[in-house]
Amino acid sequence: MYLTAHRVFLRSTSSRGINAFLYRHDDGPYPEIDWHNPNVPLVADAVPGRFVAQQREIAEPGGEVLSYLDIVAEDHLGPDRIEAALDGFSNPTVLLDPTPPTIVEGVGIRFSAVLGLRSVPAKYREEFIALAENAMKLLRTSGITAPPRST
Amino acid sequence: MSEALRRYLELDDELVAVRWRYAGNESDEEDQLLDEMDGVWWQLSESERDELRARLPRSLLRPRAPQPGRRAEIEADLVEGSHEVPRRLREVG
């Protein structure tokens with residue numbers, strides 16, 4: 001699964017908003033992806049999977065991406081596990097210095113924001129939280145749930 | 001911190017982001033922010049103005065204009081069921 005949220009700026013209307021997109025990897029084996037230690041750039045930039053759902057505040061394509069949050073995990077991991085991983089990643093001590101893609105409990109996370117936000121750590125964290133909330137909203141409304149626990 | 005100083009610093013943060021977004025080029029958003037900052041400036045106390053003059057607002061650090069061929073990340077036009085990536089790098093002149 002690849003879940004991503006973008007803060008987008010559309011020059012033609014000077015409008016800004018957050019768009020979120022959800023992909024699944026249920027249509028192939030994808031042997032190049034190690035789901036226990038997912039490579040976020042590989043998935044986000046080359047093998048995102050099958051695009052299944054979106055939630056857009058800016059409807060028109062072609063907007064500039066001011067910030068983005070990429071989340072990569074197994075399809076069946078479930079929203080609660082994803083949310084817990086995001087909570088672990090959003091530790092402000094981590095966000096003070098932009099970090100390379102990070103794996104938290106099997107969830108690959110990558111976050112990047114414009115220079116203006118990076119220079120203000122508090123706002124940088126607020127931006128991460130805003131993107132994470134939009135991504136989680138899309139994931140939860142998409143109906144993807146964790147499998148029942150085995151006994 | 002006075003309310004006026006808090007607002008001035010907030011506007012300064014926004015100005016940094018706007019100047020980054022427009023890669024150093026002037027914009028209507030920048031004009032509006034500067035107008036509001038001018039108004040708030042005169043609500044500051046003399047000591048607050050001295051403090052700001054001494055530390056030079058970060059927004060004065062205007063980034064350079066974009067160079068030919070510089071790349072920007074833009075959102076792709078996605079079709080459900082496709083395997084297109086959501087962001088693409090675009091050359092800008």
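**Note on the predicted two-chain model**

1. The contact between the chains draws 29 residues from chain A and 22 residues from chain B, two residues being in contact if their C-beta atoms, placed from the backbone, lie within 7 Å. On the side of chain A that touches chain B, two or more residues come from each of S1, S2, H1, strand S3 (50-55), S4 and helix H4 (115-118) of chain A, where helices (H or I, at least four residues) and strands (E, at least two) are DSSP runs numbered from the N terminus. By class, that side of chain A holds 15 nonpolar, ten polar and four charged residues; here Ala, Val, Leu, Ile, Met, Phe, Trp, Tyr, Cys and Pro count as nonpolar, Asp, Glu, Lys and Arg as charged, and the others, Gly among them, as polar.

2. This is a predicted model, in which local features need pLDDT of at least 70 and side-chain atom pairs count only at pLDDT 80 or more, while totals for chains, interfaces and linings use all residues. Residues are numbered from 1 along each chain as its sequence is written, and chains are lettered from A and ligands numbered from 1 in the order in which they are written.

3. Chain A has five helices and six strands, which follow one another from the N terminus as β-β-α-β-β-α-α-β-β-α-α. Of its 151 residues, 38% are buried, a residue being buried if 20 or more other C-beta atoms lie within 10 Å of its own, exposed if 12 or fewer, and partly exposed in between.

4. Leaving aside neighbours within four places in sequence, A:Ala135 is in contact with A:Leu3, A:Thr4, A:Ala5, A:Ala20, A:Leu69 and A:Ile71.

5. Two backbone angles deserve a look. A:Tyr30, which is not a glycine, has a positive phi of about 45°; A:Tyr30 lies in the loop between S2 and H1 of chain A and is partly exposed, with 14 other C-beta atoms within 10 Å. A:Glu105, also a residue other than glycine, has a positive phi near 50° and is found in the loop between strand S5 (102-104) and S6 of chain A.
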